[in-house]
Amino acid sequence: MKKIISNILATTGIVLLVLSIVALCYGGTVIFINTIFQILAVNTVVYLGLYLIDFLELRYPILETGVKLLYILGIVLLTGWLLGWYEFVSIAVLGIMTIIVMIVCVCLDMLSLRTEVKEINELLEER
């Protein structure tokens, strides 16, 4: 549970950084406080869904990755429509932002996994 919460908060931070960069490119000057909470809520829904997808243990890794990608994009685009984000950003930009955040998160997960593997190997060498 602790890892899920830290992942949600880390992803929220990454999304806010990407959103800030995109906003600067479009001449934006502020991010409203409700946007931060909306992003936190979306990330919570996304991670709960990803947890359920992992629980299903799909047989093919490519299929699982595709399902996760479609799920995340679907949640983000649906939320964008429900919360009126498209007044400020286009669907394409929102989709690209989502993919960028996903790539950053996958890279961070790989670094974390690499560190864990290194620690496990060191423990095994000690035995």
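Predicted model: local features only at pLDDT ≥ 70, side-chain atom pairs only at ≥ 80, totals over all residues.

Reader: Which elements does the chain have, from the N terminus on?

Author: Helices (H or I, at least four residues) and strands (E, at least two) are DSSP runs, numbered from the N terminus. Here the order is α-α-α-α. That comes to four helices and zero strands.

Reader: At what angle do the axes of α2 and α3 cross?

Author: Axes are lines fitted to C-alpha atoms, for helices over the stretch in contact, and angles run from 0 to 180 degrees between N-to-C directions. Helix α2 (residues 33-56) and helix α3 (residues 61-83) cross at roughly 155°, their axes coming within 10 Å. So α2 is roughly antiparallel to α3 (an angle over 145 degrees).

Reader: What classes of residue make up the contact of α2 with α3?

Author: Contact means heavy atoms within 4.5 Å. Residues of α2 including Val-42 and Leu-50 meet residues of α3, among them Tyr-71 and Ile-75. The contact has 11 nonpolar, three polar and three charged residues. Ala, Val, Leu, Ile, Met, Phe, Trp, Tyr, Cys and Pro count as nonpolar, Asp, Glu, Lys and Arg as charged, and the others, Gly among them, as polar.

Reader: What follows α3?

Author: Gly-84, with a positive phi near 75°.

How values were computed: Residues numbered from 1 in each chain as written. Heavy atoms only, no water. Parallel < 35°, antiparallel > 145°, perpendicular 65-115°, else oblique.
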